[in-house]
Amino acid sequence: MSLWGGRFSEPSAAEFKHFNDSLRFDYVLAPYDLQASRAWANALHQAELLSQDENAALQRALAELQQAVQANPELPLSTDAEDIHSWVEAQLIEKIGDTAKKLHTGRSRNDLVATDLRLYCKKQAEQILAANLAAIEALVGFAEQYYDAMLPGYTHLQRAQPITAGHWALAYVQMLQRDVIRLREAIRRIDICPLGSGALAGTTAALNREALAHELGFRHANDNSLDGVSDRDFALDLLNVAATGMVHLSRIAEDLIFYCSGESGCFSMSDRISSGSSLMPQKKNPDLFELLRGKAGRVIGHQHALQMTLKGLPLAYNKDMQEDKEGLFDALQTYLQCLSMLAFAIPEVTVQREHAAKQAALGYSNATELADYLVSKGIPFRDAHHLTGVAVVKAQQQQLPLEQMPLTELQHISAVISDDVYAWLDLSYGLNQRCAQGGTAPAAVKVTLKHAKDWLHAA
Ligand code: ARG
């Protein structure tokens, strides 16, 4: 039986019912709907709208349903209820008869669904937080193992300066740490209870909404019923975190795909996380990382979709808001899965130290060192930059790296150059020089590593 048949003389058309029903996706809210219903029944009892016995009967029946749903989360799908709220009420009526019909006193599906969704989001956000921390831990482990491994660093995807693999990994640690901070802020904003907002104008039940909020584990009850039933900012906040988080996962995936490619070869992936080609026997493909990159589009799409759905909605509840769920559920699950996959995959990636160090030395990546050397001999940086550019062209013509250019050749470029220039042109010299806070020198990486570990410890 539907929750709203009284004023209708004809049943819904099957076509409309199918279009309108949300049970096929909102069934995942069952545990939260049952939790919210238990708290609501207690509140009604305290407001003397349910007797002790009625509340006890409802609590028993709701607890039984909680167990049944825990054993089989898809249980609601065996009925044709309109949505999860209708399903719970129908089940309760089946179990305890007329008393069940009192549960909806003073509440609406509008405040109920907003409450269910916040409970769901809080739970998901906490799982995502844990997965984010695990991914950070994996990256910190990688950084620790490779804190001194040389790697070509790029700007514009042109070889720029050598970096360390540890430094590379810790850059992503920074991004994921910011995601954790954003997530915590989002959780704080989810943590407000709209139950007791009624359909839109508030509830007639004389209940203590603050106590109800606390019983459900929320910080506070909301302060405006119109906003309570129509606010989905908390879902948008989470989707924004997920979208930005997926941008980070997509970028690390792209870096990994590149460093694992035949063109770079600085990293390699274990067979456990690689796939082959059905045609080309030699192929070893980075599907895992491509999926991380690909799924970013999907999550960002869901974030965009909800923003679009909400824009232009009048107060208060509108059925458009039922469209908040499928994308949100999919986005949060996808983000969670991708974080877990990253944590799983990072230990399966190896830096090819020797090859990577050779690669790091190519492309005149020590040119900045020559300029700095000239500066140390009193030449203004702008002139040093120009002279070094001339030296690079000369070296290119002779097909030599800078460090193999004969001293006399270098002295043609500037007379201040002497034998000590070769120490500056050594790859590890430049690397070790970048030891100020946040630099790529192994010594600086060790400091950042310690910060990251302390942060993780306190998280
Ligand atoms: N299935 C609905 C949703 O997800 C529940 C709220 C229905 N409220 C209403 N007034 N029709 O939004």
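This protein has 19 helices and 6 strands; both are DSSP runs numbered from the N terminus, with helices (H or I) of at least four residues and strands (E) of at least two. The model is predicted, so local features need pLDDT of at least 70 and side-chain atom pairs count only at pLDDT 80 or more, while totals for chains, interfaces and linings use all residues. Residues are numbered from 1 along each chain as its sequence is written.

**Overall dimensions**

- Along the principal axes, the C-alpha atoms fill a box of roughly 100 × 50 × 40 Å.
- The protein has a radius of gyration of 30 Å, whereas a compact globule of 459 residues would have one near 23 Å. This radius is taken over C-alpha atoms, and the globule rule is 2.2 Å times the number of residues to the power 0.38.

**Helices α3 and α5**

- Helix α3 (residues 30-46) packs against helix α5 (residues 84-96) at an angle of about 60 degrees, with the axes 10 Å apart. Axes are lines fitted to C-alpha atoms, for helices over the stretch in contact, and angles run from 0 to 180 degrees between N-to-C directions.
- α3 and α5 are therefore oblique to each other; angles under 35 degrees count as roughly parallel, over 145 as roughly antiparallel, 65 to 115 as roughly perpendicular and the rest as oblique.
- Their crossing is right-handed, a term for the near helix being turned clockwise from the far one by less than a right angle, with anticlockwise giving left-handed.
- Ala 30, Asp 33, Leu 34 and Ser 37 of α3 meet Ile 84, His 85 and Val 88 of α5; contact requires C-beta atoms, placed from the backbone, within 7 Å.
- These contact residues divide into 4 nonpolar, 2 polar and 1 charged. Ala, Val, Leu, Ile, Met, Phe, Trp, Tyr, Cys and Pro count as nonpolar, Asp, Glu, Lys and Arg as charged, and the others, Gly among them, as polar.

**Helices α10 and α12**

- Helix α10 (residues 233-259) and helix α12 (residues 325-345) cross at roughly 35 degrees, and their axes come within 10 Å.
- α10 passes α12 in a left-handed crossing.
- Among the contact residues are Leu 238, Gly 245 and Met 246 of α10, along with Tyr 335 and Cys 338 of α12.
- This contact has 13 nonpolar residues, 1 polar and no charged.

- Strands β1 (residues 150-155) and β2 (residues 158-164) run antiparallel, joined by 5 bridges; strands pair if DSSP finds at least two bridges between them.
- Met 150 has Thr 164 of β2 as its bridge partner, and Pro 152 stands opposite Pro 162.
- The hairpin has 2 residues between its strands, and His 156 takes a positive phi near 55 degrees.

How values were computed
Contact = placed C-beta atoms within 7 Å.
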